[in-house]
Amino acid sequence: MSALRLRRALEYPIFLAKFARVFLTPPEFEGATLTSKRLWNLYKLRWAINRGASVLPSYPAKLTVEPTSVCNLQCPACFTGAGEVGRARSPISLDLYRRLLAEMGDYLFQVEFYNWGEPLLAKHIYTMVEEASGRGLSTVISSNFSLPFDAERAERLVRSGLAVLGVSIDGARQESYEQYRVGGDLETVLRNCRLVRDAKSRLGSSTPRLVWEFHTFPHNTGDIEAARGMAADLGMDFALSKGWVIGPEWDPDDRWAPREPVMPFPCSWLWHTATVNNDGGVAPCCGTFYAEDDLGRMSTAADDPGPTFMEVWNNPRFQTARGLFRARGDSPAERELICHECPVTIEWERYRAHLALGGAREAYEITIGRNARYNYFWNRRPAAATARRRGRGRVPAAS
């Protein structure tokens, strides 16, 4: 037996034990109620990922839904903030949302209420959270929170059962905060956080857990410790991460934020997490912005329910996207997908080649960092989106 085969034979029982432990451990979604349906769906889902299945017998474990595609700020590294038009600017219909919950609610663990818009601008956001929480689902909102808010809204948000409210506050001073959160007012944000904190106290509620989300950039590194102290005073957890920038990585040595490990993996979004936009478009992941990159579509019309989510989830385009993680081909059907050139797909292909040549799993080095991954989505615009940008086309209004 060769040294390589011997090493792998000795490693296999250890790998199998680790795999079994990870496979059987339920996900940690705050506020989610464990049920036999959810667990059974989860195990089918994980088995499908490990087999690289293209057709899934399972629903995703998590749903990212876009309550509205509108935002009130102009953050420079956000498609919406930069003025791009990826799809109609509108809220999701309550009918479509309820159809999603009716079909998927027994199998999901979490609903995440944000993507490219500001969720607290959606007129049905409290109802949406209440109905998901009522099904025993973990619910999460991430907001800029620089918007009109009052004690009544704060109490309704707390009563909705929201598990986590993340607030993007990238500075401890208005001068630094507004460099990225363009158009935002720091004092308004802090006042709104106090309103939610006080509403939790009045109602005797431990939720939502409040999180100060500090994205660090070259202009706000001096604010980190002050912001950490302000978060503590407000009863907020403090989450520090590196802000994405358009162009080269600004902190390659990870001096200002903890390194976020990036491991090669078959894209979990195509199996584990669904992204449904306000216009019914089902995207391959949260990184895509334009309707042209959706892999399917659900109807927004109340009198025409159209395909079920599961029919979209297993349509030919989703099957083709998942198939890229078995073999990344070059057919027209494959090349038209945003997933074909995605850094996650390319990294997985390189990782598999590394293993095929006898390389050890732990010896593989990531070739495409997180900032470069974000830049892939930022720099890739479908032809129709380029036409809209130049004023030659527009997205029709959502029904």
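Which residues of H13 are buried? Read on to View 1 for the answer.

This is a predicted model, in which local features need pLDDT of at least 70 and side-chain atom pairs count only at pLDDT 80 or more, while totals for chains, interfaces and linings use all residues. Residues are numbered from 1 along each chain as its sequence is written, and side-chain values use heavy atoms, with hydrogens and water left out.

**View 1. Helix H13 and its buried residues.** The buried residues of H13 are Asn371, Arg373, Tyr374, Asn375, Tyr376, Phe377 and Trp378. Here, buried means under 20% relative accessible area, exposed means over 50%, and partly exposed lies in between (1.4 Å probe, protein chains only). Because 7 of the 10 residues of H13 are buried, this helix is largely enclosed by the rest of the structure. Its buried residues pack against helix H12 (343-356). Helices (H or I, at least four residues) and strands (E, at least two) are DSSP runs, numbered from the N terminus.

**View 2. The largest nonpolar core.** A nonpolar core is a set of buried Ala, Val, Leu, Ile, Met, Phe, Trp, Tyr and Cys residues joined through side-chain atoms within 4.5 Å. The largest one has 96 residues, and those with the most contacts inside it are Phe113, Phe145, Trp212 and Phe309. Helix H7 (residues 186-203) supplies the largest share of this core, 7 residues. A second, separate core of 5 residues includes Phe29, Leu42, Leu45 and Ala61. In soluble globular proteins, nonpolar side chains tend to be buried together.

**View 3. The surroundings of Phe145.** A contact means heavy atoms within 4.5 Å. Leaving aside residues up to four places away in sequence, Phe145 touches Glu118, Leu120, Leu165, Val167, Thr188, Val189, Asn192, Cys193 and Val196.

**View 4. Ser58 in its loop.** Look for Ser58 in the loop between helix H2 (36-51) and strand S1 (62-65). Is Ser58 buried or exposed? Ser58 counts as buried because its relative accessibility is 1%. Not counting residues up to four places away in sequence, Ser58 touches Asn41, Lys44, Leu45, Met310 and Trp313.

**View 5. The salt bridge of Asp279 and Arg87.** A salt bridge is a side-chain nitrogen of Lys or Arg within 4 Å of a carboxyl oxygen of Asp or Glu. By this rule the count comes to 30 salt bridges. In the bridge shown here, the closest N and O atoms of Asp279 and Arg87 are 2.9 Å apart. Asp279 lies in the loop between strand S7 (273-276) and strand S8 (281-283) and Arg87 in the loop between S1 and helix H3 (94-104), so the pair ties together parts that are 192 residues apart in sequence. Both Asp279 and Arg87 are buried.

**View 6. The salt bridge of Glu131 and Arg98.** These two side chains meet at 2.6 Å, N to O. Glu131 sits in helix H4 (residues 125-133) and Arg98 in helix H3, so this pair ties together parts that are 33 residues apart in sequence. Glu131 is partly exposed, at 25% relative accessibility, and Arg98 is partly exposed too, with a relative accessible area of 40%.

**View 7. The salt bridge of Asp293 and Arg380.** The side chains of Asp293 and Arg380 meet at 2.8 Å, N to O. Asp293 lies in the loop between S8 and strand S9 (296-297) and Arg380 in the loop between helix H13 (370-379) and helix H14 (383-389), so the pair ties together parts that are 87 residues apart in sequence. Asp293 is buried, at 5% relative accessible area, whereas Arg380 is partly exposed, at 23%.
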